[in-house]
Amino acid sequence: MHSTPSERHCSNCKRPMRALDLSGHYQRRVEIDTCPHCCLVWFDDTESVRLAGAGIAEFLREIHGAMQADGDHAHAVSLARVQSCPVCRAALKPVFNRTRFGRTSQLDCPYGHGYYQTYILYLAEKGFVRPLAWADIRALLAAGKELFCADCGFPLPGRPVDACPACQSAVGVIDPARLAIATHAADGGAIARNVATEVNQHKCHACGAAIDPTHDIQCPHCHAPVRSHEVPETADAAKTDVPLVPTADERHQAAAGRAALSAAQLAMVDFSEERSTQRRVNRAFRISVGMLAAAIAFGIIAWNWHMEQPVSEVARSAPLISYSPRFKEDRMECDLHSAVRREVRVRQLIVMPGTPGPGQASATYGATRMAYQRAITLRNDWKSGIDFELLEPQFSNPYATPHSMPQGFFRRGEALAAVERVAFCLPLREISPPILAEDGFHIIEVLEVR
């Protein structure tokens, strides 16, 4: 990494910035401008994403040196103090982004010259800062330290938060393990492998808290399940770190590691089997409820279809009165202003399905329905003014009994129930709708009451 004075000046302290020549992708070089005094970095266009792994590691060393420097350094100044673009002096605008590692923010030039970031925000963008957890807060409070926003210096509440209440910047804590891996990645494979192995064995993938994978099934801080790759692989460690001929103590330690590994794996298997069993039970319950609902729906549809289907013409004949539920009479408005009727005199017409005969009439559903249609037509003709004496010879029952067609005045109990229901309710000189009785459809007109 080469460092040279830059032509640009820091927008906060007005000092000349430093130009860092870093490694980029495809063996190219990327030059960025930084201010170690204020811990600010200026990226032109896409310089941030063009940095390769080695270049990021070099820049992390620069950040580490600036954060550890003594003197009059204004460590981690707030972005709110930076006002103008170092290229065109235009006012900067705040931009909030979300990466796969969490939230981050920056100050963009409105004319597209680039953007400012603090060192802390850059670390958060690259995933070297993890969300603040309860374990971090308890450790800081136990050490007598307070929580402050690194962007604006506002005191943070004593609980995990996503953003600063004052400046809305993302809140996080530097992950030293990941930062150590990135810093030592260019120094060789041994250190990186050892650090990575230690981190994988003791760091929760969700909150970063310390865990014991040989005994813990869930993280004691955030209760996230311990992943299988977080369990220490004794065999791989033996291949890398132990000699070809292990000693007795090393064999004993390896056996203990294998026993602990088996216990942890068995615990994870039990947990997975319990979850699988619960999922199977839930699936079976949902299937049973679905089948029951389908059976009920099928029964309702079949019943409605059966009720809507007319009986065939060739079906067996049945008494007319049995068809009453299918030929419900229209609602009649009773005469509420008349005195109590003790005796009434009516005249009526009867429409019978088939040929008239003595006794209770029987017919098929089809014949009964045709008779009902004729009765409706007959009532309309009677109401339109056709003389009753012209209709009576055609629509009367010569075999009718006094209960069916009473002559003169009659009282309750002396006629059919259907005839009484109309005679003692219908207003005078009003023609009733077709009423189904034992011998056919009756159309009744009340003549006198007393």
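## Terms and model

Here Ala, Val, Leu, Ile, Met, Phe, Trp, Tyr, Cys and Pro count as nonpolar, Asp, Glu, Lys and Arg as charged, and the others, Gly among them, as polar. The model is predicted, so local features need pLDDT of at least 70 and side-chain atom pairs count only at pLDDT 80 or more, while totals for chains, interfaces and linings use all residues. Residues are numbered from 1 along each chain as its sequence is written, and side-chain values use heavy atoms, with hydrogens and water left out.

## The largest pocket

On a 1 Å grid over the protein atoms alone, a pocket is an open set of points with protein on both sides within 12 Å along at least five of seven lines, a cavity is a set where a 1.4 Å probe fits but cannot get out, and lining residues have an atom within 4 Å of a point. Points are joined across faces, edges and corners, and a volume is the space filled by probe spheres set on them.

The largest pocket has a volume of about 920 Å³. Its lining holds 31 residues, of which Val129, Val171, Gly172, Val173 and Ile174 are closest to the centre. Strands S6 (102-108), S8 (129-131) and S9 (172-174) and helix H3 (119-125) each give two or more residues; helices (H or I, at least four residues) and strands (E, at least two) are DSSP runs, numbered from the N terminus. By class, the lining has 20 nonpolar, four polar and seven charged residues.

## The second largest cavity

Two lining residues are nonpolar, five polar and one charged.
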